[in-house]
Amino acid sequence: MPVSIRPLLLVLLLLLFPLIYTMSILHQRWNPEETKKLSPKKPNQLVLGPAAGQGLPNRIQCQGTEAMNRIDPSSKNINSEDKVSFVTVFTIYKSDPTNEKMLDRVKVGEISYNTKSERSLAILNTYINFIQVSMPSSNVIVLTDPDSTFLLDRNNAIKFPVEGDYSRSNLMLQRIKSYIAYLKRILKSYEMEKANKNIIFSDSDIAVVDDLGDIFQKHHDFHVALTFRNNKNQPLNSGFIAIRGTQDGISKAKVLLEEVLDVYISKYMGASRMLGDQLALYWVIKLHLPSAIQKFNQHECFTGNVKGVSVLFLPCAIYNWTPPEGAGQFHGMPLDVKIVHFKGSRKRLMLESWNFYNSTSNMSNMLCLILCSGRTKYDF
């Protein structure tokens with residue numbers, strides 16, 4: 001090293017020494033657990049804010065948690081002639097109860113939830129509660145692992161065991177298989193029972209807030225109904241699939257789902273565990289009905305023929321509305337919303353909403369509660 005450079009290096013080291021020393025001390029003192037304790041916690045109660053969509057046409061208008069322009073569904077005296085079976089897939093993952101991780105206690109109303117199993121069952125029961133309020137003549141079928149031991153002591157709700165792999169990583173694939181198995185069972189017993197009950201496959205984290213019989217009464221020619229949204233990569237949401245309860249409707253639905261299953265297995269096994277079925281469903285629709293793609297950014301119902309299956313497309317804004325997550329802007333809630341879907345971190349809000357309804361018996365005011373609190377994330 002040239003002699004002339006040494007003084008410069010010495011000066012540089014002297015200048016950097018205090019910084020290096022300080023960083024070394026901070027590293028020694030840093031405690032990840034302490035940092036975690038100092039980080040702000042998510043709220044353990046509803047945090048209400050202004051309701052979105054105020055002043056916009058055809059949107060629910062709220063003053064606090066009071067709905068100003070929506071007639072509560074219970075006061076309409078609607079009694080749909082169409083009986084509907086709501087079908088969902090649910091399981092409790094096996095664990096040793098003595099070793100199940102205790103989570104931060106969450107209290108909703110007078111009930112506390114400490115484990116994942118308790119919270120999952122609470123969501124399932126709330127799903128059933130909303131159906132029995134909005135469509136009391138309907139029943140609920142819970143497709144589940146035959147080894148599942150959870151109790152379902154509810155009127156008009158039964159467990160329907162279907163063999164398969166219900167592991168977390170395989171659940172969406174298994175859901176399609178379970179749907180197909182259920183349809184096969186219905187077709188097999190169709191002539192004997194002479195059934196004509198319409199079917200709605202759905203996620204268990206939805207709240208039915210109005211009668212869905214209008215789907216089958218207003219639209220007479222479809223076999224299967226799907227919900228769409230303006231989403232480039234996933235315009236179809238698989239959390240709601242309605243099927244006309246005729247022998248032809250059930251047969252056509254089975255054919256459609258079998259093709260979706262084949263596409264899932266051949267193309268999307270590497271997709272995220274929560275996305276594969278929606279990607280496969282969209283692939284099938286895009287292949288057989290490419291004209292539908294241009295209509296997904298609109299808000300009107302439309303129908304199309306998908307390989308001999310008459311498919312009705314319903315807007316998510318009404319039939320699969322989701323509260324916003326985080327602080328993103330949105331345009332409120334449509335006046336005629338039928339389903340609220342509490343996806344992701346919105347599960348706690350689903351229980352809070354039912355608790356509010358249970359104490360007020362006013363569905364419209366409950367929707368204002370959701371609007372006022374939908375941007376807050378809750379641990380659950």
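User: How many disulfides does a search of the whole structure find?
Analyst: The model is predicted. A disulfide is taken here as a pair of cysteine sulfur atoms within 2.5 Å. Cys62 and Cys368 form such a link, with their sulfur atoms 2.0 Å apart. Over the whole structure, the search finds one disulfide.

User: Which parts does the pair of Cys62 and Cys368 tie together, and how many residues apart in sequence are they?
Analyst: The link between Cys62 and Cys368 is left-handed, with -85° about the S-S bond. Cys62 lies in strand β1 and Cys368 in helix α10, so the pair ties together parts that are 306 residues apart in sequence.

User: Is Cys368 buried or exposed?
Analyst: Buried means under 20% relative accessible area. Cys62, the partner in the disulfide, has a value of 13% and is buried. Cys368 has a relative accessible area of 0%, so this residue is buried.

User: How far away is the nearest cysteine sulfur to Cys372, which is in no disulfide?
Analyst: Cys372 is buried, with a relative accessible area of 8%. The nearest cysteine sulfur to that of Cys372 belongs to Cys62, and Cys372 is in no disulfide. The distance is 5.6 Å.

User: How many of the residues of helix α10 are buried?
Analyst: Helix α10 spans residues 363-373 and is mostly covered. What covers its buried residues includes β1 (62-63), β2 (66-67), α3 (116-134), β14 (339-341) and α9 (347-360). Among the buried residues are Met363, Leu367 and Ser373. The count of buried residues in α10 is 11 of 11.

User: Which residue has a side-chain oxygen that reaches the backbone nitrogen of Ser364 at the start of α10?
Analyst: Ser364 is one of the buried residues of α10. At the start of this helix, the backbone nitrogen of Ser364 has a side-chain oxygen within 3.2 Å. That oxygen belongs to Asn362.

User: Which element gives the largest share of the largest nonpolar core?
Analyst: The largest nonpolar core has 59 residues, and those that touch the most other members are Phe86, Tyr127, Leu212, Ile215, Met366, Leu367 and Ile370. The largest share of this core, eight residues, comes from α10.

User: How many residues are in the second, separate core?
Analyst: Beyond four places in sequence, Phe86 touches residues including Tyr127, Ile131, Ile200 and Leu212. A second, separate core includes Val87, Val162, Leu281 and Leu289. Its size is 48 residues.

User: Which residue's side chain makes a polar contact of 2.2 Å with that of Asp203?
Analyst: Asp203 is placed in the loop between β8 (198-202) and β9 (206-208). With a relative accessible area of 18%, Asp203 is buried. The side chain of Asp203 makes a polar contact of 3.2 Å with that of His341. The contact of 2.2 Å joins Asp203 to Arg175.

User: Which element gives the most to the lining of the largest cavity?
Analyst: The lining of this cavity includes Arg175, Ile176, Tyr179, Asp277 and Leu281. At least two lining residues each come from α4 (171-193), β11 (236-243), α6 (247-267) and α7 (276-288). With three residues, the element that gives the most is α4.

User: How much space lies in the largest cavity?
Analyst: The count comes to one cavity of 30 Å³ or more. Leu257 and Val260 are among the residues that line the largest cavity. The space in the largest cavity is about 80 Å³.

Technical notes:
Residues numbered from 1 in each chain as written. Predicted model: local features only at pLDDT ≥ 70, side-chain atom pairs only at ≥ 80, totals over all residues. Heavy atoms only, no water. Buried < 20%, exposed > 50% of the residue type's maximum accessible area, 1.4 Å probe, protein only. Helix = DSSP H or I, 4+ residues; strand = E, 2+ residues; numbered from the N terminus. Contact = heavy atoms within 4.5 Å. Polar contact = N/O pair within 3.5 Å; in protein donor to acceptor, adjacent residues only side chain to side chain. Core = buried A, V, L, I, M, F, W, Y, C linked by side-chain atoms within 4.5 Å. 1 Å grid on protein atoms, 1.4 Å probe; cavity = no way out; pocket = protein on both sides within 12 Å on 5 of 7 lines; lining within 4 Å. Points joined across faces, edges and corners; volume = space filled by probe spheres on them.
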